[in-house]
Amino acid sequence: MSAKAYCSGCGAALRAEDRFCPGCGAVGNAGAPTELHVQEFSPTNGRLQRIGDFAIDHAKGLLALLAIGALIGIGALIAREKSANENTSSPGYRMVRQLKSSGAIDNFNAILPEDDWETEYSLNDGDAHIRFRGNEMESSVPRYDDDLSDAIEAGAHREGFTG
């Protein structure tokens, strides 16, 4: 028969397996193991941890990419085409609207014309341009966009533009 153990702090009865007093929480019991084992918390190797580890390991490169992206974004804002006023008498006014209504272009914007042109339009977010001066027209369309080239040519012929 084993002797009963009591807490030295509050006098509560302790069982042999108790490491802490159930009454006051004091540490220590003659019948319990005296060595405490503390296990360090280790998170699972999940997706967020791997992303965090990657970010820490490659911080300089990621910061460089962020800086380059910011410079490109600022450059795009500065180099943006400047909008221009237009009216129904502007050369090409009807033609670009017909190109839009026929589905040949998705969008257009009247911009400040280059050189001595009277009117210039940026088509499809700057992918192509059309410039007008009197009855003269000039366009710049990517080589791969034959459909747009054909639609511009047909529109120029219909509206009486040369170029």
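Predicted model: local features only at pLDDT ≥ 70, side-chain atom pairs only at ≥ 80, totals over all residues.
**Exercise 1. Two salt bridges of Arg 131**

Task: Which side chains form salt bridges with Arg 131, and which of the residues involved are buried or partly exposed?

Solution: 
- Step 1. Take Glu 120 to begin with. Its side chain meets that of Arg 131 in a salt bridge, at 2.9 Å from N to O. This pair links distant parts of the chain, since Arg 131 belongs to strand S5 (residues 128-133) and Glu 120 to strand S4 (residues 119-123), eleven residues apart.
- Step 2. Turn to Glu 138, which also forms a salt bridge with Arg 131; here the closest N and O atoms are 2.9 Å apart.
- Step 3. Check the surroundings. Arg 131 has a relative accessible area of 8%, so Arg 131 is buried. Glu 120 is buried as well. Glu 138, at 34% relative accessibility, counts as partly exposed.

**Exercise 2. A salt-bridge network**

Task: What network does the salt bridge between Arg 133 and Glu 136 belong to?

Solution: 
- Step 1. Find the pair: the side chains of Arg 133 and Glu 136 meet at 3.3 Å, N to O.
- Step 2. Compare each value with the limits for partly exposed, which lies between 20% and 50%. Arg 133 has 22% and is partly exposed; Glu 136, at 34%, is partly exposed too.
- Step 3. Follow the shared partners: salt bridges join Asp 116, Arg 133 and Glu 136 into one network.

**Exercise 3. Charge on the surface**

Task: Which residues gather in a patch of negative charge on the surface, and where does Glu 153 lie?

Solution: 
- Step 1. Pick out the members of the patch: Asp 146, Asp 147, Asp 150 and Glu 153.
- Step 2. Locate Glu 153, which is part of helix H4 (residues 146-159).
- Step 3. Exposed means over 50%, and Glu 153 has a relative accessible area of 58%, so Glu 153 is exposed.

Technical notes:
Residues numbered from 1 in each chain as written. Heavy atoms only, no water. Patch = residues over 30% accessible without salt bridge, like charges linked within 9 Å, V, L, I, M, F, W, Y side chains within 5 Å. Areas by Shrake-Rupley, 256 points an atom, 1.4 Å probe, with all protein chains shown as cover. Salt bridge = Lys/Arg side-chain N within 4 Å of Asp/Glu carboxyl O. Lys, Arg positive; Asp, Glu negative; His and termini not counted. Charge placed at Lys NZ, Arg CZ, Asp CG, Glu CD. Helix = DSSP H or I, 4+ residues; strand = E, 2+ residues; numbered from the N terminus. Buried < 20%, exposed > 50% of the residue type's maximum accessible area, 1.4 Å probe, protein only.
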